[in-house]
Structures are given as structure tokens and as C-alpha cells.
Amino acid sequence: MTTIAEAFTLAVAAHESGRVDEAVGILHAILEVSPDHPGCLHLHGIIAKTAGDDDGAADYFSRAIVAAPHIPDLHHLLGVCQHRRGRLENAAVSLERALALAPDNAAVLVDLGRVRIDQNRVTDALDLFRAALAVEPTLLPAMSNLGNALLVLDRYEEAIPSFHQAIAIDPTHALAHSSLGSALNALGRYDEATACFQRALEIDPGHPLSHNGLGLIHLARNQPGQALAHFERAVALAADYIDAHVNAGLALLELDRPTEAIDRIRQALALKPDNVMSLNNLGNALKDHGRLAEAMESYVRALAVEPDYLLAHTNLLMCMHYSPETSPAAIAATARRWADRVGAHASPETRKAVDPKGRLRIGFLSADLINHPVGYFIAPVLEHHDRVGTEVTCYCDSPRPDAMTNHLRAASDRWRSTVGMSDEAVAALVREDGIDILVDLSGHAGGTRLPVFARRPAPVQVTWIGYCGSTGLAAMDYILADDHVVRPGEEHLFTETVWRLPGTYLCYGPPRGVSVEVSPLPAADGHPPTFGSLNNRVKITPHVVALWARALSAVPGSRLLLKSFQYGDPGVREGLRAAFASHGIAGDRLILEARSPWPGLFTTYHRIDVALDTFPFGGGITTLEALWMGVPVVTLDCDRWAGRVSETILHAVGLGEMVATDPDDYVARAAALVADLPRLADLRAGLRTRLLTSPMCDGKGFAARIEAAWRAMTRAAA
């Protein structure tokens with residue numbers, strides 16, 4: 001008769017020789033006689049785990065632990081199976097027990113670190129990976145996971161040495177090459193990152209993470225078609241790769257295909273319904289489709305999963321400005337709630353004293369120091385700033401510099417790239433530079449760096465031009481506005497002190513490198529009267545459609561020309577035509593055009609007689625470009641800053657009569673303009689000169705006024 005011990009030895013030998021079925025048969029026989037045999041249960045669990053049956057493996061390991069609770073490997077293996085099944089709390093408990101039994105087990109330290117990352121306890125994970133390396137300095141999984149944890153924390157520079165060390169130990173480690181590429185990509189070092197991803201694919205042609213990384217580089221380089229091809233390849237290699245599905249949706253958005261993007265991102269949500277990146281990007285796609293309520297719901301779902309998810313917070317706030325159903329008070333309250341969470345994680349520095357009579361060091365921080373409205377509004381200030389009395393440092397967070405970036409850099413005293421830097425690192429850089437006044441040019445718009453301001457790296461902090469509302473931050477001292485965008489009595493909507501500049505809070509630098517002349521009035525040439533708007537599709541709410549339909553009805557035979565990148569999508573076009581049809585406007589009265597190269601944007605105005613502003617989020621740079629091309633803009637008095645930017649522009653150029661007091665007045669003013677073609681033609685012919693000679697284009701005067709404000713702010717802080 002074979003003893004149980006002998007039978008178990010045979011099972012082990014069969015398993016080690018690859019005769020798995022034979023080993024399983026022997027194990028079953030032993031367990032029939034001795035159901036609590038820890039060695040059999042242990043080995044059976046390993047076989048099940050190798051076969052991908054994590055639930056079965058966990059059951060065997062749990063039974064083995066009951067029989068032999070003192071064996072660390074059993075707790076370790078159980079924790080690994082639980083982690084793979086997404087049972088994070090159970091996995092953490094099992095691995096902690098394994099660690100209590102074997103405190104210097106580097107493999108257990110690494111696996112517990114992996115669980116901590118998935119629990120969003122990334123700092124704890126760093127400590128565990130470092131402890132593993134203290135035990136085994138050349139342990140490859142500890143090195144690569146340490147680097148990956150640093151990536152999660154956006155500490156890209158710190159992550160790079162870990163990946164280099166991992167590659168030095170194993171040059172064929174595809175994941176280490178790919179992770180190094182991710183760190184370099186985040187730092188804007190695209191050529192180096194591309195080489196890393198390509199090396200990973202040479203080692204492992206079926207490496208989906210590297211295709212995803214190459215796709216992200218193409219997105220950063222504004223090559224969405226090539227990006228999409230890589231994301232599709234990643235999904236083909238790993239059908240459940242959620243990030244690749246989501247990124248494919250992003251590429252589709254960049255390709256002006258929001259309808260397809262919605263479908264693609266929903267595929268990712270089918271794989272993991274609570275994935276915050278999927279929920280956030282679904283909100284973006286729905287917003288581009290003009291479906292604001294659904295977009296906001298998606299952002300709220302993301303925040304329910306991860307309350308500190310910054311992107312969803314900022315996107316929700318931006319979306320609220322577009323929605324007429326959301327009040328300014330609700331927007332302000334949401335900003336304060338966001339700021340409370342950010343402030344809880346920041347450690348503000350003590351204010352240093354500023355000499356208001358000395359040379360002031362002004363810092364501007366933005367991801368939009370490019371061919372963007374912020375770039376055009378900041379240009380006159382940089383071009384005309386007092387180089388004796390002020391020193392200007394720009395902190396550029398844009399990974400896509402362009403000709404405008406180069407122009408702004410030349411107009412600055414000092415230029416810093418903050419691409420890929422953590423918020424703490426940017427704050428430290430600002431302190432090191434000795435900045436007296438740090439100016440935020442993003443607010444809650446894309447590329448926000450408000451967490452830097454929560455750390456108060458400068459004695460005086462100001463927000464300006466990038467966003468139409470309060471940041472909510474107690475650490476933001478001032479917001480620059482004027483009497484039109486923030487009216488008396490509305491100060492309670494701001495955590496900042498409202499600092500009103502005289503006249504207007506904006507200054508416009510006319511378009512650079514574009515020499516498109518003002519055309520004759522189209523309607524005077526026998527064309528049907530044509531209204532137009534080049535505002536983003538998301539601004540055209542059902543209320544806007546209803547009012548524009550009334551304007552079209554008031555002018556028989558008139559047309560409406562709309563141009564925005566979303567109109568390249570058939571689904572978006574069909575949805576908007578249906579919305580106008582519900583108000584009796586036939587589809588042939590609408591001209592819907594997709595994006596075109598930038599000079600083509602200006603020639604579009606050669607076919608527009610009168611521009612119609614949107615609400616409650618109106619035009620800004622769009623209004624200025626219309627005026628530059630000789631096209632007057634009719635706007636509606638609104639309840640919020642986002643809807644009043646056109647108002648401050650029109651008053652600055654002496655066209656306050658274009659601001660309608662109510663919807664009826666809006667329709668009447670639009671109809672009256674096209675009813676008097678000689679007057680409209682005269683207005684068109686003189687509008688560019690009128691704009692150029694107005695306070696809106698007085699760069700020198702505006703720079704002096706804003707620098708006077710800087711001085712006054714420092715006196716108040718002294």
C-alpha cells in the first residue's frame with residue numbers, strides 16, 4: 001500500500017514533469033482520504049491558479065490555510081488570486097498576513113504594493129516597493145513597479161531611473177521599455193519615448209501597452225488618424241484593454257467624430273462600468289454632441305467613483321456654464337466644493353513680503369500659451385510690459401508649442417516649461433524663481449493647474465482670462481474682471497476679491513499671420529441675408545436654437561451659416577437639423593460646415609452679414625474675429641460672466657446697441673440690421689478700423705493699467 005506521503009511525492013513529481021492531469025488525479029485520491037491535507041490543497045491551488053481558475057485556486061488555498069495557518073506562501077498565493085479577481089480588501093488582508101509571517105519576503109512586499117496601487121494608496125505602494133528593493137536590490141518586479149507607482153503620481157523624472165535599472169538587469173524586458181516610454185512621453189520627450197515603445201515592440205510584437213503609448217504620442221503631435229490605428233491595434237491584441245478603448249474614443253473626438261467616440265467609450269464602460277477615465281471622456285463626447293445633461297451626468301458618475309478626480313471636476317464645471325438650467329450660484333458652489341477637496345491635500349506656504357515699490361516678478365501659468373484665445377489675450381500684455389518695473393516669467397504647460405508660443409516666449413523675460421512636472425514641483429519652481437504675483441490663465445478650463453495655486457507658491461495669486469468664474473480656491477486672492485462681466489452685487493459668487501479693470505478686462509492682439517481682407521456685404525450683392533455663428537456646437541443649446549429659429553422666421557428667405565469642428569460628424573449635423581426643424585426651419589436654410597485651416601475660418605465671414613451670439617455661454621475670441629472681419633454681432637444680456645464677454649467687447653468698440661435686453665429685443669435687432677443694407681454695409685466697411693482704434697486693441701494702455709493693478713495688489717498684501 002502506498003502511504004499518503006508517498007502518494008503526495010508522486011503527485012509533486014508528476015506536476016514537476018508536466019504531467020498535470022496525472023498529478024490532479026493523485027491529489028483527488030489523497031483528498032478523498034485526507035481532505036485537509038495542506039500540501040495537497042497547496043499544490044491543487046497552484047495547478048488551478050496556473051490554469052487561470054483563480055476562484056478555484058483561492059478555495060484550495062483557503063482550505064490549506066485552515067489546516068496550516070503558519071505557512072506564509074499560502075496567504076501570499078491566496079492574496080494574489082484575490083487581487084486578480086478584483087477583491088482588493090481581501091487580497092490586502094491575505095498579503096498582510098503573509099508579511100506578518102515573513103516580513104522580509106520581497107515578493108510579498110511587491111504584490112501588496114500592487115494591491116495598494118489599485119486601492120489608490122500609491123504612496124504606501126512606494127514604501128513597499130522600496131522595502132522589497134532593500135531586501136533584494138536587483139529584484140526586477142520591485143524596480144519596474146516602483147517606476148510605475150511614480151508614474152501614477154505624475155513623478156515622471158523620478159520614475160525614469162527605475163526603468164533604466166530594470167532594463168540594465170534585463171534588456172529584453174518589454175514592459176520596462178514601454179513604461180520608460182510612458183514617462184518620457186509625459187515629459188514631452190516624444191522622440192525618445194517613440195524609440196522606447198518601438199524597442200518594446202521589437203522584443204514583443206504583441207505588446208498592447210506599447211501600441212497604446214505610440215498612439216498617445218501621435219495624439220500629442222496632433223496626428224489622430226495615426227493614433228487611432230495604434231489604439232485599434234492595442235485593442236486587437238487585448239480586447240479588454242480599457243485604456244486603449246478610451247483612447248480610441250479620444251482619437252475619434254480629435255477626428256471630429258463624436259458619434260463614433262460615444263459608441264467606442266461605451267464599449268470601454270461595458271468592460272468596467274466604474275472606470276473614471278471612461279466616464280469622463282464619455283462626458284466630453286456627449287458635450288461635443290450638444291447633449292449637456294447627459295454629459296454632466298457622466299462627469300457626476302465619475303466623481304461618485306473618485307471624488308478627487310480633477311479632470312471630471314473641471315469638465316463638470318465647464319459644462320455647467322453652458323447649461324441655462326444651471327444657475328451661477330450652483331456653479332460657484334460646485335467650484336467651492338472642488339476647492340475644499342484640493343485644499344485638503346495641499347500644504348500652503350507662508351506668504352513672503354513683497355516690496356510694492358521694487359521690480360515686481362510676475363509669473364503667468366497656463367497650458368494655453370499657444371494659438372488659443374489665451375495666447376491672443378496675453379500677447380499685448382507681454383509685448384508692452386514695463387521691462388524696467390516688472391520681470392515676466394511664463395510657465396508654459398503646453399506639450400504642443402507653436403508659432404504663437406515662440407512669439408510669447410520672445411516677449412517674456414524668462415520662460416519655463418512645466419510639461420510633465422507634478423503640481424508640487426511646479427510650486428517649488430515658482431518659489432525658487434521668487435515670483436511676487438502668480439497669475440492663473442486657465443481656471444477650470446482644460447490644462448488647469450489650480451492645485452499649484454492651492455499650495456500658494458506666490459504671495460499674491462490672481463486668476464484671469466482662461467475661465468469665466470470663480471476658481472473656488474481660498475488661496476486665489478484676486479480675479480480680474482470689469483463692470484460688464486461681473487456686475488455690482490455679484491461679488492458673493494467669488495471666493496476671490498473681484499478686481500475690476502477700467503473699461504474692459506480683455507485686450508486683443510489682432511490675428512497674426514493672416515491677411516484676409518474684409519469683403520463687401522454679401523446681402524448687398526444679391527445673396528439671401530445670412531446670419532452666422534462660428535461658436536462651438538456645445539454652446540448651441542435648445543434655447544439658442546429656438547431663438548435663432550425666431551430670427552430666421554422674422555427675415556423670410558434668410559439663412560444661417562454655422563461652422564464648428566463637430567459638424568464634420570453626420571450625427572451632429574442630423575441632430576442640429578432636427579432641432580431646427582422642430583421650430584419650422586427647413587434644412588435647406590442651414591449651412592453647416594466643419595473645421596478648415598485657420599485662414600479659412602476668416603474667409604467664412606465673407607458669406608455672413610450678421611453674427612448671432614450664443615447664450616448663456618457666448619463668444620469671446622469668436623466675437624472679436626467677427627468684428628475684425630467687419631461682421632457685427634448681436635448678443636443677449638445674460639445672467640453669467642460666460643454670456644457677457646461679447647457685451648464687454650461690444651461696449652469697448654462703441655457698439656453697445658448690439659446688446660439685446662431680452663429675446664424679443666434680440667430678434668428685433670438682428671432683423672433690423674439686415675433690413676437696412678446700406679447702413680449694414682457702412683458698418684461692415686469701418687468695423688476693423690473701429691476695433692483697432694478702440695480700447696480693446698490698445699495694448700500699451702492696457703499693459704499699463706494691468707501693471708497698475710499688480711502694484712496695488714502688492715501694496716494691499718504688504
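Start by selecting G113, which is buried, with a relative accessible area of 0% (buried means under 20% relative accessible area, exposed over 50%, partly exposed in between, with a 1.4 Å probe and protein chains only). You're looking at a predicted model here, in which residues are numbered from 1 along each chain as its sequence is written, and local features need pLDDT of at least 70. Side-chain atom pairs count only at pLDDT 80 or more, while totals for chains, interfaces and linings use all residues; side-chain values use heavy atoms, with hydrogens and water left out.

Now show the cartoon around G113: the residue is part of helix α7, residues 106-118. Helices (H or I, at least four residues) and strands (E, at least two) are DSSP runs, numbered from the N terminus. Which residues does G113 touch, not counting residues up to four places away in sequence? Select A125, L128 and F129 to see them; a contact means heavy atoms within 4.5 Å.

N120 is exposed, at a relative accessible area of 60%. Check its backbone too: phi is positive, about 65°, although N120 is not a glycine. Most residues other than glycine have a negative phi, and most peptide bonds are trans.

Next, jump to N222, in the loop between α13 (208-220) and α14 (224-237). Here is another non-glycine with a positive phi, about 60°. Is N222 buried or partly exposed? With 48% relative accessibility, N222 counts as partly exposed.

Select S162 now, in helix α10 (residues 156-169). S162 counts as buried, at 7% relative accessibility. Leaving aside residues up to four places away in sequence, S162 touches M143, L146 and G147.

Time for a peptide bond: zoom in on F615 and P616, which are joined in cis, with omega about 0°. P616 sits in the loop between β11 (610-612) and α28 (621-628).

The structure holds seven aromatic pairs. Rings of Phe, Tyr and Trp (its six-membered ring) pair if their centres lie within 6.5 Å; planes under 30 degrees apart count as stacked, over 60 as edge-to-face and the rest as tilted. Select Y322 and F617: their ring centres are 4.5 Å apart and their planes at 25°, so this pair is stacked. The pair links distant parts of the chain, 295 residues apart, with Y322 in helix α19 (residues 310-322) and F617 in the loop between β11 and α28. Both Y322 and F617 are buried. For one more ring stop, pick F494, Y505 and W641, which ring pairs link into a cluster.

Finally, zoom all the way out. The protein has 32 helices and 13 strands, and its C-alpha trace spans about 115 × 65 × 45 Å along the principal axes. Of its 718 residues, 57% count as buried. Among contacts with a separation of 6 or more, residues 24 or more positions apart account for 64%.
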